[in-house]
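Please walk through the fold of this protein chain, from its overall dimensions down to individual helices and residues.

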Amino acid sequence: MRNFLLLAMACGWASGAEMPPVESAIPDPVKALGAPVPVEFKGGLQMAVSAADEAVQASVLQGINHLHTGWEFEASRHFAVAMRADPECLLAHWGMVMALLVPTPETGKARNAAAERMMELLDQGKGTKLERGYAYGLIKYLDEGPVSAAAAFRKVAAEFPNDLQAAMLSALFGRTGYDDLGDPNPEQERAEADLTKLIAAHPESLLPVNALLVVRAEGRDLSPSLELARSLCKRAPDCAPFHHLLGHCEWRSGNHRAAALAFGRAASLYERWMRSNKATVADCPEWAKAECYRVVAMASQGDFETATAAAEGLAGAPLPEKRGSSAGVRMMLWEAKTLPARLLMARGKQGDAAKALAALPKPDSLKAYQKECMAFWWIDALRIVLETQRLTEEGKLDDARKSQEALTFHGTRMAKAQQMALEIGERSSWTRAFKAFETLAFETRGKLALAGPKDLRGSAYNRFRSAADSQRQASMLYPPVVLTPELNRAGHFQLQDGKPAEALEIFQEALTAYPNDLGALDGMRQAYVALKQPEKAAETEARINAVRTH
């Protein structure tokens, strides 16, 4: 959020004004649950906290450690305990704002109130110099963005060279990701190098290890991260976010069975937490994300039937109707509810388009959530894509072309809804879905061209290449939206066109981006057969069998 200070003043806060009450700075979903249970953090962060007593300090440290493992909701519960026990604890308020950094309609007002209280506590001189440095760094983020925040935390780290947290935050806020070729940008390289140094300087701590793995999570090749991720889970076997991170690294490295096991462990730990706290998926989007990724990993291993059964069970899970703006319900609507259909789309057998269309949520089932969640835009987009593909499969090409026009119209309307998504806190979900829709639109037009007159078949290849060029690896530890590499379609086009050498290159390109993808491997095997290279074909067949069984 930019110009946060102006917004806070517009909402009633100004230096010297009466602070909002503590309860207004605690989200309603946190209030609805009982007190959180402290857990042991092996290799967690330990530091002195300006607090009324040791119990408050312990709650703050619980929150900080949950924050750095990646479980913001659980962190917010511990910060709430500390804020209630010590309303003048600066670090508790800082932690609450950090935990609510990406607000939803359920948490936005509490985030603003917590930030207002934090700034008033700063004006009152609360907190140590280090703690105040944390608060100033956070304000820089809220008012100016991550670049200014990284610079601010870097100054704090320079003044307090033994403070692990300030150094980690400067790297986390300073990372800038990777370019289109998958190479790290300069600030990304700096962040990774800084975190690597922190790991060496603090070998007992798991947090810089986790931070390094997180900032690397969108890299081109995650195989160098595997040993670190595996060691992280061995040292903290009951930390659900660590297992999810391991699963992501395994899947992106082509180890689909290991990925499914890691995601299963993460989902099991989240489910245990929900049962013990009498919480629902509305409060645990992490469970839904882990389950979705587990299904994808099973499908990637070739276990389509088991994956489909799990996806259908997940999609059919009941949702609390009055929590449509919660992170968990939104995760289910955007991701889980469409997963059975997307699995069928990825398999792509004759008749699968019609089955996938039937697997999508019915419009009436979404009505209760439409005012609070924009996932219906994505589901309607899939509906039009699948209807066009069904008509194409059935040879009803004139009707398919009319449906394709609806595809274009929906894309135009969905693009105009971007601002609305931003306003209700769904910008990232909307962007993820819209990019996938663009990819699927190219694919659908390619299939239609392929089914049409021979003199127009050449345009199909261009469509498939455009789909591949628009397809990007998922970010934020999400599973992919489009579950098969679009490069595979371009490769199969070349095979059908009698160009196995060109097809082989494309399938190899797909395997670079999606290691051990079974579709790409099978395409490569077919290309070797067409090129009369039986030994290579046999080696690839053995590799396919290994992916399916290991």
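The model is predicted. Its secondary structure consists of 29 helices and 0 strands. Among contacts in the chain with a separation of 6 or more, 65% join residues 24 or more positions apart.

Helix α5 gives a view of the interior. In α5, 10 of the 10 residues are buried, so this helix is largely enclosed by the rest of the structure. The buried residues are L90, L91, A92, H93, W94, G95, M96, V97, M98 and A99. Their cover includes α3 (54-69), α4 (72-85), α6 (108-123), α7 (129-144) and α9 (164-174).

H93 lies in α5, which runs over residues 90-99. The relative accessible area of H93 is 0%, so H93 is buried. Leaving aside neighbours within four places in sequence, H93 is in contact with M83, P87, A114, R117, M118 and L121. As a distance across the model, the C-alpha atoms of H93 and A309 are separated by 44 Å, and these two residues are 216 residues apart along the chain.

The next step is to look at how helices pack in pairs. Helix α10 covers residues 186-201 and helix α11 covers residues 207-216; their axes come within 9 Å and cross at roughly 160°. An angle over 145 degrees counts as roughly antiparallel, and α10 and α11 are therefore roughly antiparallel to each other. The crossing in which α10 passes α11 is left-handed. On the α10 side the contact is made by Q188, E192, L195, T196, L198 and I199, and these meet P208, V209, A211, L212, V215 and R216 of α11. By class, the residues of this contact divide into 8 nonpolar, 2 polar and 2 charged.

How are α15 and α17 oriented to each other, parallel or antiparallel? The axes of α15 (residues 285-300) and α17 (residues 327-334) come within 7 Å and cross at roughly 25°. Angles under 35 degrees count as roughly parallel, and α15 and α17 are therefore roughly parallel to each other. In this pair, P285, W287, A288 and K289 of α15 meet A327, G328, M331 and M332 of α17. The contact of α15 with α17 is made up of 6 nonpolar residues, 1 polar and 1 charged.

The pair α25 and α26 packs at an angle of about 155°, with the axes 8 Å apart. The two helices are therefore roughly antiparallel to each other. Their crossing is left-handed. From α25 the contact takes in G458, A460, Y461, F464, R465 and A468, and from α26 it takes in L487, R489, A490, F493 and Q494. These residues comprise 7 nonpolar, 2 polar and 2 charged.

T484 has its place in the loop between α25 (458-470) and α26 (487-496). Is T484 buried or exposed? With a relative accessible area of 12%, T484 is buried. Not counting residues up to four places away in sequence, T484 touches A346, Q471 and R489. R489 also belongs to the α26 side of the contact between α25 and α26.

D398 is found in helix α22, which covers residues 397-416. The relative accessibility of D398 is 56%, so D398 counts as exposed. The C-alpha atoms of D398 and L448 are separated by 10.0 Å, and the two residues are 50 residues apart along the chain.

Key
Residues numbered from 1 in each chain as written. Predicted model: local features only at pLDDT ≥ 70, side-chain atom pairs only at ≥ 80, totals over all residues. Heavy atoms only, no water. Axes fitted to C-alpha atoms, helices over the stretch in contact; angles between N-to-C directions. Helix = DSSP H or I, 4+ residues; strand = E, 2+ residues; numbered from the N terminus. Parallel < 35°, antiparallel > 145°, perpendicular 65-115°, else oblique. Left-handed = near helix turned anticlockwise from the far one by under 90°. Contact = heavy atoms within 4.5 Å. Nonpolar A, V, L, I, M, F, W, Y, C, P; charged D, E, K, R; others polar. Buried < 20%, exposed > 50% of the residue type's maximum accessible area, 1.4 Å probe, protein only.
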